[in-house]
Amino acid sequence: MLLIKNGYVMDPKSQTEGVCDIWVKDDSIYKIGANLQEQMTAEELEQCQVIDAEDKIVAPGLVDVHVHFREPGFTHKEDIVTGAKAAAKGGFTTVVLMANVNPHVDNVETLEYVLERGKTTGIHVETCANVTMGMQGKELVDMKTLAAKGAVGFTDDGVPIMDEALVRQAMEQVAALDMPISFHEEDAALIANNGVNRGKASEFYGIGGSPREAEISLSGRDLKLALETGACINIQHISSKEAVELVRQAKKQGKNVHAEATPHHFTLNEEAVIKYGTMAKMNPPLREEADRLAIIEGLADGTIDLIATDHAPHTEEEKAKPITEAPSGIIGLETALPLAITVLVNGGHLTMMQVLEKMAYNPANMYHLNAGYLAEGGPADIIIVDKDAIQVFEEYASKASNTPFTGWELDGVVCTTICDGKVVFTTEEV
């Protein structure tokens with residue numbers, strides 16, 4: 001039994017907020033209200049763990065629908081257990097894994113392995129299955145069977161699917177299953193060197209780089225197909241102002257259109273690749289300041305309804321390679337909420353409630369997960385956040401440390417993460 005008292009409770013589903021207590025029994029919320037301690041018997045009080053959350057925000061556990069935990073196949077970078085520890089430290093109680101592991105999640109055996117490993121972590125670890133066999137873009141997986149066995153969505157994240165007819169067929173199938181499908185929108189035929197924007201950054205390194213047209217073209221194609229098929233689609237890690245506008249227009253025509261922004265894309269522009277080198281190399285790349293501002297505007301007006309980290313661990317040795325050889329991607333679970341508070345909330349662009357919508361309720365809702373909200377009878381997945389505290393990032397729970405945000409001073413500290421009524425991370429003495 002657990003009692004969180006005196007906290008400023010914020011629920012993005014009901015849009016309610018205010019100081020009150022939360023009483024947890026087993027893995028669910030029993031009561032939300034004022035002075036709940038007075039309603040407890042002496043025996044209940046004796047058995048109850050009490051957390052005083054005065055002057056702190058109490059919110060639903062965050063939900064990240066775009067993470068790479070590298071297992072199976074690449075556990076020298078990260079594994080499901082270490083990835084989950086990073087998630088808990090960052091305030092995430094639910095994560096959705098991408099399927100570009102080895103072997104791929106295009107079969108039941110790998111799917112079940114990942115889900116079973118996830119059950120050992122203390123948080124909710126879900127996974128997508130692939131869209132195509134071996135991520136080859138030629139043959140669809142058995143979506144119906146993989147859905148029945150526990151996949152929560154489909155994606156070939158990391159590789160664009162170029163066959164338009166196959167994409168349409170995939171969308172028709174996910175529409176029938178009422179499941180989301182997520183797309184990595186980069187046309188490789190237009191890219192000379194991935195991970196670096198074609199412009200000032202590519203000129204600095206003397207390489208061809210990745211043009212914005214690579215994202216614009218495929219985003220436009222897939223949004224059109226989504227409106228025609230009625231599929232629930234997610235444009236992943238959006239990076240260009242043009243793609244933001246394409247999503248904005250598509251949303252006016254169809255309710256099943258979604259887009260996600262990463263903290264690095266709303267915080268940094270291509271100048272960061274010049275400053276931080278491979279630590280700021282990612283796919284799609286950091287683009288111009290106008291693109292960063294367009295992403296923030298899209299978050300503010302609801303065009304972009306998800307914030308996802310694209311947590312992408314790599315080793316020091318891999319990131320030490322030259323800019324054209326090093327892998328793309330950065331870790332993001334531990335820095336995500338502080339970046340959102342620092343850049344979006346304290347920057348005056350979004351309210352804290354809007355951030356919680358995009359980092360908890362909206363992603364859970366898109367994936368049909370029972371998460372991302374606070375209500376009596378609902379899941380006891382809860383975070384306690386000191387919004388005004390400051391932290392400097394130096395060490396990580398992740399196995400990896402590839403991020404340009406090391407050494408940054410950011411607002412907001414996750415003090416406690418509770419999943420299924422159990423404390424899975426805390427900075428406090430409890």
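This is a predicted model: local features need pLDDT of at least 70, side-chain atom pairs count only at pLDDT 80 or more; totals for chains, interfaces and linings use all residues.

By class, how many nonpolar, polar and charged residues does the lining of the largest pocket have?

Reply: The lining of the largest pocket has seven nonpolar, eleven polar and five charged residues. The pocket itself has a volume of about 440 Å³. It is lined by 23 residues, and those closest to its centre are Arg 70, Asn 100, Asn 283, His 314 and Ser 328.

Now let's turn to charged side chains elsewhere. Side chains of opposite charge can pair when their charged atoms come close. The whole structure holds 17 salt bridges. One of them is between Arg 168 and Glu 228, with N and O 2.6 Å apart. Arg 168 sits in helix H5 (residues 164–177) and Glu 228 in helix H7 (residues 213–229), so this pair ties together parts that are 60 residues apart in sequence. Arg 168 is partly exposed, at 30% relative accessibility, and Glu 228 is partly exposed too, at 42%.

Glu 228 also meets Lys 224 in a salt bridge, at 2.8 Å from N to O. Because these two are four residues apart in helix H7, about one helical turn separates them. Lys 224 counts as partly exposed, with 47% relative accessibility.

Within it, Glu 288 pairs with Arg 212, their closest N and O atoms being 3.7 Å apart. Glu 288 lies in the loop between helix H10 (271–276) and helix H11 (289–301), while Arg 212 lies in the loop between helix H6 (200–205) and H7, so the pair ties together parts 76 residues apart in sequence. Arg 212 is buried, at 12% relative accessibility, whereas Glu 288 is partly exposed, at 33%.

Finally, have a look at strand E15 (residues 409–419). Nine of its eleven residues are buried, so E15 is largely enclosed by the rest of the structure. It pairs with strand E14 (residues 382–392) in the antiparallel sense over eight bridges, and Val 385 stands opposite Val 414 of E15. E15 is also joined to strand E16 (residues 422–426) by four bridges, and those two strands run antiparallel. There, Ile 418 has Val 423 in E16 as its bridge partner. The hairpin of E15 and E16 has two residues between the strands, and in this hairpin Asp 420 takes a positive phi near 55 degrees.

Key. Residues are numbered from 1 along each chain as its sequence is written. Side-chain values use heavy atoms; hydrogens and water are left out. On a 1 Å grid over the protein atoms alone, a cavity is a set of points where a 1.4 Å probe fits but cannot get out, and a pocket is an open set with protein on both sides within 12 Å along at least five of seven lines; lining residues have an atom within 4 Å of a point. Grid points are joined across faces, edges and corners, and a volume is the space filled by probe spheres set on the points. Ala, Val, Leu, Ile, Met, Phe, Trp, Tyr, Cys and Pro count as nonpolar, Asp, Glu, Lys and Arg as charged, and the others, Gly among them, as polar. Buried means under 20% relative accessible area, exposed over 50%, partly exposed in between (1.4 Å probe, protein chains only). Two strands pair if DSSP finds at least two bridges between them. A salt bridge is a side-chain nitrogen of Lys or Arg within 4 Å of a carboxyl oxygen of Asp or Glu.
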